[in-house]
Amino acid sequence: MPKNILMSREVLLTGAIALLLAIIASRFPAFIAPTNLANVFNDTAPLILLAIGQMIVILTRCIDLSVAANLALTGMVVAMINVAMPGLPVPVIIVISIGFGALLGVINGVLVWKLAIPPIVVTLGTMTIFRGTIFLLSDGKWVNSHEFSDSFKAFPRTEFLGLPLMSWIAIAAVLLFTLVMSRTTLGRAFYAAGGNPHAATYAGIDVGKTQFWAFTISGALAGLTGYLWVSRFAVAFVDLAGGFELNVVAACVIGGVAIMGGIGTVFGAMLGSLFLGIISNALPVVNISPFWQLAISGGAIIIAVILNAQANRDKGRIILKRAEQAT
Amino acid sequence: MLMQPDQTHDLPKVETGPPILALNRVTKTFPGVTALSEVSLELFPGKVTALVGENGAGKSTVVKILTGIYQPDGGEIEIDGTPCRFPTAQAAGDAGVTAIHQETVLFDELSVAENIFLGHAPRGRFGLIDTAEMIEKARAILVGIGAQIEPRTKLKDLGIANKHLVAIARALSIDARVVIMDEPTAALSQKEIEELYVLVEELKDQGKAILFISHKFDEIFRIADNYTVFRDGALVGTGSIADVSEAELVKMMVGRDVSQIFPNRAHNIGDEILVVEGYEHPTEFADIGFTLHRGQILGFYGLVGAGRSEFMQSIFGITRPSSGVLRIDGKQVDIRSPADAVANGIVYVPEDRGKQGAITALPIFQNVTLPSLGRTSRNGFLQLAEEFKLARDFTERLDLRAASLDTDVGNLSGGNQQKVVIAKWLATQPKVIILDEPTKGIDIGSKAAVHEFMAELAAQGLAVIMVSSEIPEIMGMSDRVIVMREGRIAAELSADTMTPETLVRHAAGI
């Protein structure tokens, strides 16, 4: 059905991003220079990583409000490990950050799965607990640039084939999760559990367990992002990335992820993130105040929701023979 | 007044060979209801066993127990004589039990092939799903059952009959020893049903045991080898289909003579009250027109998914028709919302009480007064005494039994919830009341009460539209019947020309 492909959310969003870039370029041509676009992508990499995890969680009819707190807590944990053991190699730090983040995700997942507590309540609670834990660990103090080892700080900036590793990690995550979502049984289970939980149960899918895995993946990605964030900005503190969970949810919504579950793609989540990333990078350049920046992001979210609602609007059941598209 | 299971039937052993699957005195209770009480069921290799019973007899509970959705509270499941448990749907599948459920148990956003192979997709390298292989296999299965469906199509783009065929294909894609067919023909046309029969014969030849659930007797007598009858959650009879007549089966099912169920009522047909002309919707129905008189009960019969409920929702203003004229008392009205419909004297009691009917977290009186708040409030403030008075008037007319009008509707039985919903609409003093499957899923006692009440409403001059999929109900209650098929009117029959055969024939398009 070529019509559907042309009208797909991803294509529409790519068009919107191109239009946005064209408008910015008309006032500030240097913005669309390849090196600048690469910078924008690199800046957006953390948002992309978190949005992939959030997309999977939202697919299963849940929401993860604890991602930014998870990022900050994991970031603080690896920062303190680095201060205590400067010799620990970066790959080990990365494994720790993914594992620790996943562990925090497991807490969310178990509460949703085993105790059947609504996800918004669970993650609102764990969000506060994670932030509080950072305070307990750090006594409210910052871990500053000079306290980190050089290798810890250098990793995300290390260039490979002209792009920083930070960007490559986001690209790798997009590719990996595109594969997971389209070609593994777990990926299919995410769509099924959110699309029709009742039917998923009949098909032998444990909906609660599927949601548990979604939270675990979201947590692991948040943990990894925690290390990348702390090392890139060379600082860790209690309010790190405060409120960033809302940007993550916004990126998903703009990227065509249905907040009621069952619909969404990794590519869409990435495009939604890039859309927000471009806005936040471009507006200061074209001298628009940060307050307008919030308003524009907010406007984009509402437009995206309206477009999605239009696309998903119930067109009625297909009963008349002439309405059926299959042959 | 539930009938006791008929104890005079002794249960003859049907087969000498051992069954593949057997239920042994299985009991299942829900809070306040015994859904199954010590029922037994045996399924033999290469045989079709028809499970027969009225709505609410416990058939779907058995299916859910056999597919691992419910756990029995007592008794056991045996496979090849060995007791076993199905704690999950997966476990039942692994034990070789597969079921063709109705189309609601599929995924609209996934493709046909993905729906068929969800949970057991063919794997390629690295354990990844082999999409090409999956599509090929799906196509082969679909061709095998004579379904012309492209496996890449999204399920939501299919009509209900094709969705049903996808459900059948899904069950066949699992290599199972026991196949449960839960009303597999409910939405199929005659040609598709014939193809399904061929398929059932093939499955029999392969030595699979088949449990066939159907309301259609012609079907049961054509393809079943054995029968088992449930009534009110208990086993009332089982045996070889060759040794039983249709009348005997009906008697076992209902436990009394069919003619006694329905009230005798006076037929005081009054003036024209509702005229519908040329109602159309882009995908759901086309060219619907009829007239309804005061005091008349007009039945709407059809297969599941024939577009009856969708049409009713458009009369009630939930959806908008693309064209069509509606006249009440000779005056043309434009109904844009349910509020318009209520203001013009049309009310709709939906089929799905849970989703569309009662607000279960609110008490009875608040449910009843919800559409009539204008009459029970002054200057925007609710008058509690008025609310209770209105609620009491109408629940008493319906003989609703509840401790108090403060009781939450969620705590009532299905039959009583239905009465609350009907009371709610009667309180608006309508001219036309639309009852969509008014007795679906409620016990026989409540059913009779609803039928009596419906007759009383008509006697008082209300015009009643009754959507029903139960032929006895349609035959017993309606003055006239409109049969719908695939979104169109297939026939309009008067009480003296309707027979079960003509109804089924028009509905299925034979």
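**Close-up views of a two-chain predicted model**

B:Glu150 has a relative accessible area of 31%, so this residue is partly exposed.

**Figure 1. A salt bridge between B:Glu150 and B:Arg139.** The two side chains meet with N and O 3.1 Å apart. The pair links distant parts of the chain: B:Glu150 sits in the loop between H4 and H5 of chain B, while B:Arg139 belongs to helix H4, eleven residues apart. B:Arg139, at a relative accessible area of 27%, is partly exposed.

**Figure 2. B:Lys154 pairs with B:Glu109.** Here the side chains form a salt bridge of 3.2 Å, N to O. B:Lys154 comes from the loop between helix H4 (131-144) and helix H5 (160-173) of chain B, and B:Glu109 from the loop between strand S6 (97-100) and helix H3 (112-117), so the pair ties together parts that are 45 residues apart in sequence. With 32% relative accessibility, B:Lys154 is partly exposed; B:Glu109, with 24%, is partly exposed too.

**Figure 3. A buried salt bridge, B:Asp225 with B:Lys204.** The closest N and O atoms of this pair are 3.2 Å apart. B:Asp225 lies in the loop between helix H7 (217-223) and strand S9 (226-231) of chain B, and B:Lys204 lies in helix H6 (residues 190-205), so parts 21 residues apart in sequence are tied together. Are these two residues buried or exposed? Both B:Asp225 and B:Lys204 are buried. Across all chains, the whole structure holds 24 salt bridges.

**Figure 4. Where chain A meets chain B.** Chain A brings 32 residues to the contact and chain B brings 43. Together the chains bury about 3400 Å², 57% of it on carbon and sulfur atoms. A:Arg188, A:Tyr202 and A:Ile319 supply 22% of the area that chain A buries against chain B, more than any other three residues. How many salt bridges are there between chain A and chain B? The count is one, and A:Arg188 takes part, meeting B:Glu114 at 3.3 Å, N to O.

**Figure 5. B:Gly307 and its contacts.** This glycine is found in the loop between strand S13 (297-302) and helix H9 (308-315) of chain B. B:Gly307 has 1% relative accessibility and therefore counts as buried. Beyond its neighbours within four places in sequence, B:Gly307 is in contact with A:Ile319, B:Glu284 and B:Met484.

**Figure 6. Helix H2 of chain A and its buried face.** The helix covers residues 9-27; at 1.5 Å a residue its 19 residues should span 27 Å, and the end C-alpha atoms are 28 Å apart, which agrees. Its buried residues are A:Glu10, A:Leu13, A:Ile17, A:Leu20, A:Leu21, A:Ile24 and A:Ala25.

**Figure 7. A:Ser149 in a loop of chain A.** A:Ser149 lies between helix H6 (119-138) and helix H7 (150-154). The residue counts as buried because its relative accessibility is 13%. Neighbours within four places in sequence aside, A:Ser149 is in contact with A:Asn82 and A:Pro86.

Note on methods:
Residues numbered from 1 in each chain as written. Chains lettered and ligands numbered in written order. Predicted model: local features only at pLDDT ≥ 70, side-chain atom pairs only at ≥ 80, totals over all residues. Heavy atoms only, no water. Helix = DSSP H or I, 4+ residues; strand = E, 2+ residues; numbered from the N terminus. Expected span 1.5 Å × (residues − 1). Buried < 20%, exposed > 50% of the residue type's maximum accessible area, 1.4 Å probe, protein only. Arc of directions from axis to C-beta. Contact = heavy atoms within 4.5 Å. Buried area = accessible area lost by both parts, 1.4 Å probe. Salt bridge = Lys/Arg side-chain N within 4 Å of Asp/Glu carboxyl O.
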